[in-house]
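I opened this notebook to record what I looked up in one protein model.

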Amino acid sequence: MSERVPGAGTAGRVARLWSDDAPGSATPAGHLVTRECVHWDTVGPHSSPHHVNPQARVQWRVHLDGTDGADDVYCDDPGAPVLAAGDATEIVVRGRRLRVEWLDGDDAAAAWERHGW
């Protein structure tokens, strides 16, 4: 069970993804958004479960340009790549190595408005 962490900072971070397929010719490839949620372990019988051990966890989602929301990649999808905590500089999505450029200010707000969840 997960729930969104209330208060400031719940929107998480936003990054622009770049494809560097040819040396010196980076092209925009999509966006990466993160959010922090509290995960609770479920224990006990199915008829009366208890939720214990709350832990904050970072979740992420990748939206590739030219695809719709149904094609987005989530951190808990089968076969999803591992995203290094903190300031990741690259991620491999569907076999493509993408460079991660973390955004701030108006650029981040606009990207979150479009791709956040």
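**Entry 1. Fold.** I note at the outset that the model is predicted. I looked up the secondary structure and found 1 helix and 7 strands. Read from the N terminus, the order of elements is β-β-β-β-β-β-β-α. I then looked at contacts between residues at least 6 apart in sequence: 51% of these join residues at least 24 apart.

**Entry 2. Surface and burial.** Of the 117 residues, 32% count as buried. The protein exposes about 7,300 Å², and carbon and sulfur atoms supply 51% of that area.

**Entry 3. Nonpolar cores.** I recall that nonpolar side chains tend to be buried together in soluble globular proteins. I asked which residues have the most contacts inside the largest nonpolar core. They are Leu17, Leu32, Val62 and Ile91, in a core of 15 residues. At least two residues of this core come from each of strand E2 (14-22), strand E3 (25-43), strand E4 (50-64), strand E6 (90-93) and strand E7 (96-102). Apart from this core lies another, of 6 residues, which includes Val14, Val33, Leu103 and Ala111.

Setting aside neighbours within four places in sequence, Leu17 is in contact with Leu32, Val62 and Ile91, among others. Its contacts also include Thr27, Pro28, His31, Leu98 and Arg99.

**Entry 4. Arg61.** I located Arg61 in strand E4. Is Arg61 buried or exposed? At 8% relative accessibility, Arg61 counts as buried, because the limit is 20%. The side chains of Arg61 and Asp72 meet in a salt bridge, with N to O at 2.8 Å. This pair links distant parts of the chain, as Asp72 lies in the loop between E4 and E5, 11 residues from Arg61. Asp72 is also buried, with a relative accessible area of 7%. Beyond four places in sequence, Arg61 touches His31, Leu32 and Val33, as well as Val73 and Tyr74. Its contacts also include His115, Gly116 and Trp117.

**Entry 5. Other salt bridges.** My search of the whole structure returned 4 salt bridges. One of them joins the side chains of Asp65 and Arg16 at 3.2 Å, N to O. Asp65 sits in the loop between E4 and E5 and Arg16 in strand E2, 49 residues apart. Asp65 is partly exposed at 35% relative accessible area, whereas Arg16 counts as buried at 15%. I also recorded a salt bridge between Glu90 and Arg97, with the closest N and O atoms 2.5 Å apart. Here Glu90 is partly exposed at 42% and Arg97 is exposed at 51%.

**Entry 6. Ala88.** I found Ala88 in the loop between strand E5 (73-74) and E6. Ala88 is buried, with a relative accessible area of 5%. Its C-alpha atom is separated by 6.7 Å from that of Val100, 12 residues apart along the chain. Leaving aside neighbours within four places in sequence, Ala88 is in contact with Leu83, Val100 and Trp102.

Technical notes:
Residues are numbered from 1 along each chain as its sequence is written. This is a predicted model: local features need pLDDT of at least 70, side-chain atom pairs count only at pLDDT 80 or more; totals for chains, interfaces and linings use all residues. Side-chain values use heavy atoms; hydrogens and water are left out. Helices (H or I, at least four residues) and strands (E, at least two) are DSSP runs, numbered from the N terminus. Buried means under 20% relative accessible area, exposed over 50%, partly exposed in between (1.4 Å probe, protein chains only). Contact means heavy atoms within 4.5 Å. Accessible areas come from the Shrake-Rupley method with a 1.4 Å probe; for residues, only the protein chains shown count as cover. A nonpolar core is a set of buried Ala, Val, Leu, Ile, Met, Phe, Trp, Tyr and Cys residues joined through side-chain atoms within 4.5 Å.
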